[in-house]
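Here are my notes for you, as promised. Keep the structure open while you read, and take the points one by one.

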Amino acid sequence: MKRNHGWIGVQRQRQHIAKRPAFPTLLTDRLRLRMLRSRDLAFLASLDANPHVMRYLHAGVLTREEALFFAQCQVERAPLAVNLHKWLVESNVDKRPLGWVEISRFRQARYRTDGSDDLNLGFEFSPEFWGQGYATESNTAVIDHVFEKLRVDRIVAYAQRANARSLRLLERLGFFIDGECQDDAMNLCTFLVLTEQA
Ligand SMILES: CC(C)(COP(=O)(O)OP(=O)(O)OC[C@H]1O[C@@H](n2cnc3c(N)ncnc32)[C@H](O)[C@@H]1OP(=O)(O)O)[C@@H](O)C(=O)NCCC(=O)NCCS
């Protein structure tokens with residue numbers, strides 16, 4: 001008997017791709033949050049290769065080559081992601097890229113007893129744009145989107161204890177400190193939680 005599982009598999013995959021919701025572009029007063037594109041590669045790499053940006057991130061500063069490779073992987077993956085997204089944050093006046101915000105899976109059994117994953121908020125902005133409220137404005141849009149569309153009961157975040165700017169931002173966004181954890185490089189981090197009611 002002729003088998004056609006391969007073809008059926010391809011058709012199913014096509015249907016799955018066709019049904020995938022469009023990437024959610026988010027707009028705020030000053031910003032546009034959109035899907036990563038290949039024209040963002042140099043900007044994304046410049047963040048991960050910047051010692052000020054990476055100072056409190058467990059990955060540490062990447063070389064330019066490492067940063068470009070990592071950026072390339074993320075740009076390629078961007079259209080495939082369902083519900084877990086990385087948004088490029090750009091000025092809605094001149095389209096200048098300012099930073100990125102992402103929502104990713106966070107697996108720490110200690111914090112979730114029902115076996116499910118948490119959604120983790122992450123962000124990086126170019127230092128020349130710090131102190132202008134862009135991170136607050138864009139993260140607020142992402143948080144609203146996540147609670148409205150993904151129907152989760154909470155969002156988590158963690159930051160190294162010394163990362164005062166990040167902790168200030170998270171508390172400004174309504175996160176409360178829930179404990180401590182370690183990142184992949186065993187740095188002591190503050191673990192924070194935001195619930196929809198906050
Ligand atoms: C973490 C990070 C995004 C915070 O950036 P930030 O510039 O402090 O955050 P915002 O853009 O929201 O700006 C807030 C500041 O702008 C001020 N501000 C000016 N105009 C503002 C406005 N219109 N709206 C809100 N705040 C405004 C605020 O008062 C606040 O000042 P403060 O730092 O003295 O408290 C940034 O430091 C960063 O990219 N760090 C490197 C990457 C990193 O560590 N990521 C986190 C990993 S856990």
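How many helices and strands make up the secondary structure of the chain?

1. Let's start with that count: the chain has 6 helices and 8 strands. Keep in mind that this is a predicted model. Reading from the N terminus, the elements go α-β-β-α-α-α-β-β-β-α-β-α-β-β.

2. Now the overall build. A compact globule of 198 residues would have a radius of gyration near 16 Å, and the chain's 18 Å agrees with that. The C-alpha trace spans about 65 × 45 × 35 Å along its principal axes. Of the 198 residues, 24% are buried.

3. Next, look inside. The largest nonpolar core holds 32 residues, and Val89, Val142 and Ala157 have the most contacts within it. Several elements give two or more residues to this core, including strand 3 (86–91), strand 4 (97–106) and strand 6 (154–160). Helix 5 supplies the largest share, 6 residues.

4. Leaving out residues up to four places away in sequence, Val142 touches Leu26, Leu33, Trp87, Val101, Ile103 and Leu121. A separate core of 5 residues lies apart from the largest one, with Leu44, Ala45, Leu47 and Ala71 among its members.

5. Finally, the ligand. It has 20 residues around it, and Trp130, Gly133, Ala135, Thr136 and Ala159 come nearest. Strand 5 (118–125), helix 5 (134–150) and helix 6 (164–172) each give two or more residues to this shell. Helix 6 gives the largest share, with 4 residues. By type, the shell has 10 nonpolar, 7 polar and 3 charged residues.

How values were computed:
Residues are numbered from 1 along each chain as its sequence is written. This is a predicted model: local features need pLDDT of at least 70, side-chain atom pairs count only at pLDDT 80 or more; totals for chains, interfaces and linings use all residues. A residue is near a molecule or strand if its C-beta atom, placed from the backbone, lies within 6 Å of it. Ala, Val, Leu, Ile, Met, Phe, Trp, Tyr, Cys and Pro count as nonpolar, Asp, Glu, Lys and Arg as charged, and the others, Gly among them, as polar. A nonpolar core is a set of buried Ala, Val, Leu, Ile, Met, Phe, Trp, Tyr and Cys residues joined through C-beta atoms within 7 Å. A residue is buried if 20 or more other C-beta atoms lie within 10 Å of its own, exposed if 12 or fewer, and partly exposed in between; C-beta atoms are placed from the backbone. Two residues are in contact if their C-beta atoms, placed from the backbone, lie within 7 Å. The radius of gyration is taken over C-alpha atoms; the globule rule is 2.2 Å times the number of residues to the power 0.38.
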